[in-house]
Structures are given as C-alpha cells and as structure tokens.
Amino acid sequence: MLDTQELSFEQAYAELDNIVRQLDDGLLPLDQSVTLFERGRQLAAYCQSLLDSAELRVQQLSE
Amino acid sequence: MHILIEAEIVYSPHSQANGQPERVNELVDELFALPQTFTVTSLNEYIADVFDMDETLADVWVEGEVSNFRKYESGHCYFTLKDEDAQIKGVIWRSASARVGELPDDGDKVRVHGRVSTYPQRGEYQIIVDRVRPLGVGDLYQRFEELKQKLSDEGLFDVERKRELPAYPRAIGIVTSADAAAFQDVQNVLRRRYPIVEIVLAPCLVQGDLAPPMIVDSIERLNGYALAGKTLDVILVCRGGGSIEDLWAFNDERVARAIYASRLPVISGVGHETDFTIADFAADVRAPTPSAAAELLTPDIADLLADVKQLKDALALTMTRQISATRERLDGQTRTLSRLSPQSQLDRLRLRLDEWNERLVIQQKGRIAILRERMAGRITALNAANPTAILDRGYALVLHSDTGERVTRAAGTKPGEAITLRLADGEIAARVEDKDTHARYPRTLF
C-alpha cells in the first residue's frame with residue numbers, strides 16, 4: 001500500500017471507495033476490518049485536506 | 001430614351017413622292033406600329049413592364065459599397081449601393097428586414113440579393129433587397145462547408161475515434177492567447193471548481209493568418225511535453241466569441257488535423273453557444289464556450305468534498321455495524337459457553353438430582369404405603385391364623401417336651417415320652433401311655 005501522501009486525488013478517492021465497499025460486504029475478519037478502517041480514515045482525511053488547501057497552479061510551456 | 005429610326009424614302013406608287021413629307025411620316029408610323037406619342041405615365045409603365053419581365057433583373061446578386069443607409073419610421077430601409085463608377089438605389093422593405101441579415105452601415109462592402117424594379121411615379125429604378133451579406137462571407141461559408149465535408153469524408157470527425165476525457169485530470173494543457181478574456185474565464189472556473197489541477201499554458205495567436213500555425217505548434221508542443229513523461233492529461237483549445245472571420249483560424253484545415261493527430265484528448269471551447277468551427281468537429285468533445293469547456297473537464301470540488309464526507313460516514317457506519325454484529329455474535333458465544341460450562345453442568349445435574357430425589361421420595365412413600373397396606377393385610381390374615389386363638393377355644397397344643405416341636409400326629413410319639421400340653425392358660429406336663437393311630441375324627445370341609 002502506498003503512503004497516502006504519494007497518491008493522486010483520484011487514486012486516494014478510488015481506494016477509499018473500495019475500502020468502504022469491502023467493509024460493507026462484511027466478510028472480513030475483525031482485525032483486518034480495523035486495519036482497513038484506519039486506512040480509510042487516513043485516505044478520507046487526505047482527500048479532504050487536498051481539496052481544502054488546493055490552489056490553482058498555472059505554468060507556461062517554455063519555448 | 002431616344003428611338004432613332006433610319007429609313008430610306010421609298011418611291012411609292014401611292015404618292016407623288018417629291019414634295020409630300022407628311023405622307024412619308026405617316027407611312028413610317030404605320031410601318032413601325034408604335035403609338036404615336038407616350039405620356040410620361042405610360043412611358044414609365046412601359047419601362048416598368050420591361051423591368052418586371054426581365055428574368056435576370058428578377059434575381060440578382062450585386063456587390064458594392066453601402067452609403068446613405070437610413071431606416072425610416074415606417075420600418076423600411078433606404079440606401080445607395082455604389083462602386084467607383086456608378087450607383088444604384090436600394091430598399092429593404094420592413095417585411096423583409098427581419099430575415100435579410102445584418103443591416104449594413106455606411107461604408108460596408110456588401111453583397112446583396114434582390115430584384116430590380118422601378119418606381120414609376122419618379123422615373124427611378126432600384127433594387128429591392130431581400131438578403132444582405134458582408135462581402136466575402138458568402139465565400140467563407142462555402143469554404144467552411146466544403147472543408148467540413150472533405151474532412152468528414154476522410155473520417156476526421158468519426159465518433160468511434162473520439163476519446164474519453166479523464167474524470168480527474170491532474171494537469172490540463174491550454175491552447176489560447178495568454179491575454180485573452182477566455183483564458184481568464186477558464187482559470188476562474190478551474191480555480192472555483194477544481195483547484196487541485198495544474199494548468200500548462202501553450203500560448204498562441206487565436207486570430208489572423210498567423211494563428212493556425214501557432215495553434216498547431218501549441219498542440220504539438222503539449223503532446224511533446226506529455227510524451228517526455230510530464231503529467232498532462234488533456235488539452236483545451238479555446239477562444240472567446242467573435243464573427244466568423246474572427247474565428248476563422250479554428251476552421252483551418254491544419255488546426256483540424258493537428259487536433260485529430262493529438263495523442264492527448266482535446267476539448268474545444270470556441271466562441272459562443274451557436275458557433276461551430278471545424279476544430280469543434282475534430283475535437284473529442286465540443287463545449288459551447290471556453291468556460292463551459294473548463295466545467296466539462298472537471299468535477300466540482302464541492303461535490304467531491306460531499307462525496308468524500310459521504311464515504312467517511314459510510315466508513316464509520318459499516319465499521320460500527322460490523323462491530324455490533326461481532327459483539328452480538330460474541331454475546332451469543334458467551335451465552336453458549338456458559339451454558340456448556342462445568343459449573344452449569346453441575347448445576348444442571350444438581351437440579352436433575354433434586355428431581356430424581358423428589359421422585360424417589362415420592363416413589364418410596366408410595367411403596368411404603370403399599371407395603372404397609374400389604375402388611376396390614378398380612379397381619380389380619382396372620383391374626384386370623386393365630387394358633388393361640390385356637391387355644392382360646394379350648395384346644396390344646398401338644399409339644400415334644402425335649403424339642404419343643406409340635407406333635408401333630410399320634411404316630412409321632414413314643415410311649416413313655418414326655419410331652420407338654422399347652423392350653424390357653426398354661427401348660428401341663430404329661431407322659432404318653434398308649435396311642436391309637438386308627439381313630440379318625442370328622443373334618444369339616446370348606
């Protein structure tokens with residue numbers, strides 16, 4: 001699993017979605033669920049901070 | 001209008017030719033069968049007929065420069081159309097003014113379409129205009145249609161080859177003029193909606209003859225940038241609104257081909273909602289305006305935040321649910337466990353033991369009761385069979401003195417043997433003197 005900081009928004013969001021789905025199915029043993037839940041919370045916090053702090057970056061292609 | 005008639009004087013047998021000019025005039029008149037003299041009205045009417053019957057004049061296109069254009073209160077428009085050497089009056093009836101096209105200004109070079117007719121009362125003719133086109137635009141429309149058909153036939157616009165735009169672009173390449181309002185609009189939209197995206201601007205001219213090669217170059221350079229491994233997911237080609245001439249660079253064949261050849265998907269946002277350029281057809285997606293393009297490219301951050309929040313909540317909810325479910329299972333197991341524990345087994349056995357005890361006791365009591373009853377019965381029977389009762393009736397029990405055993409038969413005794421006679425009130429010691437075993441006593445049969 002990649003460190004959350006290295007993920008793009010899309011990747012983090014997709015992983016979060018996946019985790020929720022897995023937990024929803026409810027087929028995992030409890031300790032795995034707890035691990036995944038922790039990861040999910042991390043990802044959610046990361047996504048939110050990305051969105052909250054983002055500033056549009058504009059650069060011009062050099063000649 | 002002058003009608004010149006040249007004729008030879010003919011020597012006619014009907015006249016003494018020399019010296020009779022009036023008669024010649026009459027002959028000439030008869031020969032040409034024309035009315036002798038027009039009135040101004042009739043002449044003008046005749047001229048009107050000539051114009052109205054002419055096919056060419058009924059359907060003309062005329063190029064010229066507009067001057068003295070005036071719209072009257074009546075709604076009709078009057079103007080003059082001229083070139084260097086000549087001019088003609090023009091009129092646009094109010095009824096036609098809605099569909100005629102853009103009304104021209106003085107000095108505009110135009111192509112107009114209409115019908116030439118006369119104004120008999122004034123002896124003037126004019127062109128009654130039903131269509132006005134800026135000069136050269138007709139050309140442009142035609143070239144546009146031709147190029148569009150040509151490229152369409154080649155397959156440049158095929159729907160199958162159109163690529164999907166990325167849902168969460170990390171970087172957007174923008175092809176437009178850096179100073180243009182369009183670029184500002186796009187930045188504003190992106191900043192509001194999706195500030196986590198990066199913009200890479202490849203500036204170019206967006207109008208004029210120098211624009212198409214620059215647009216092509218920008219598209220190619222952005223592709224090169226992506227190919228070099230830099231992050232770039234999509235290209236946005238845009239410019240603000242304008243006339244067909246202003247937007248003409250985006251109808252250039254070279255631009256269309258560059259868009260088609262781009263490895264990165266291209267979205268176009270050129271002009272206003274009703275403007276369609278060749279670039280729009282070649283692009284993977286067409287947006288009505290630059291701002292609309294920026295919106296199409298990106299998700300709204302507000303939606304994303306809401307989605308992330310929803311996922312967070314869902315996460316917490318499923319976690320809680322799973323924990324509850326597990327706890328319930330645990331409780332169930334605990335209950336089962338305690339049910340199966342040695343302690344409870346003991347308790348259960350103890351209970352059973354008590355039960356058995358109870359039943360046993362009840363049974364025993366029952367048994368004892370029965371036994372007692374039987375005992376009582378036996379005692380009664382026993383009493384009834386009590387031999388001492390017999391004694392009370394006066395009988396004697398005979399016993400061998402030495403053994404104490406009863407003598408039931410006389411034959412069982414020996415003469416001289418000591419015997420004891422037991423009676424109700426005591427005993428008598430006696431001796432056998434003589435016996436007779438043949439004596440028999442009647443017995444009562446029951």
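Okay, let's start with Arg131(B), which comes out as partly exposed, at 34% relative accessibility. Keep in mind that this is a predicted model. The partner of Arg131(B) is Asp130(B): they form a salt bridge, with 3.9 Å between the closest N and O atoms. Asp130(B) is partly exposed too, at 35%.

Let me show you one in chain A. Arg41(A) and Glu38(A) form a salt bridge at 3.3 Å, N to O. Both sit in helix α2, residues 30–53 of chain A, and they are 3 residues apart, about one turn of the helix. Arg41(A) is partly exposed at 44%, and Glu38(A) is partly exposed at 36%.

Back over in chain B, take Asp252(B) and Arg254(B), whose side chains meet in a salt bridge at 2.9 Å, N to O. Is Asp252(B) buried or exposed? Asp252(B) counts as buried, because its relative accessibility is 16% and the cut-off for buried is under 20%. Arg254(B), on the other hand, is partly exposed at 45%. There's also a network here: Lys150(B), Glu154(B), Glu253(B) and Arg257(B) are joined by salt bridges that share partners.

Now, rings. We get 10 aromatic pairs over all chains. One of them is Phe38(B) with Tyr46(B), a tilted pair, 6.0 Å centre to centre and 50° between the planes. Phe38(B) is partly exposed at 38%, and so is Tyr46(B), at 44%. Then there's Tyr78(B) with Trp93(B), which is edge-to-face, 6.5 Å centre to centre with 85° between the planes. That pair links distant parts of the chain: Tyr78(B) is in strand β2, residues 77–82, while Trp93(B) is in the loop between β3 and α4, 15 residues apart. Tyr78(B) is partly exposed at 32%, and Trp93(B) is partly exposed at 31%.

Which residues bring the two chains together in a ring cluster? Phe9(A), Tyr13(A) and Tyr168(B), linked by ring pairs.

Last stop, the surface. Leu30(A), Val34(A) and Ile323(B) make a nonpolar patch of about 210 Å². Ile323(B) belongs to helix α11, residues 301–340 of chain B, and Ile323(B) is partly exposed at 36%.

Technical notes
Residues numbered from 1 in each chain as written. Chains lettered and ligands numbered in written order. Predicted model: local features only at pLDDT ≥ 70, side-chain atom pairs only at ≥ 80, totals over all residues. Heavy atoms only, no water. Salt bridge = Lys/Arg side-chain N within 4 Å of Asp/Glu carboxyl O. Helix = DSSP H or I, 4+ residues; strand = E, 2+ residues; numbered from the N terminus. Buried < 20%, exposed > 50% of the residue type's maximum accessible area, 1.4 Å probe, protein only. Patch = residues over 30% accessible without salt bridge, like charges linked within 9 Å, V, L, I, M, F, W, Y side chains within 5 Å. Areas by Shrake-Rupley, 256 points an atom, 1.4 Å probe, with all protein chains shown as cover. Phe/Tyr/Trp six-rings, centres within 6.5 Å; stacked < 30°, edge-to-face > 60°.
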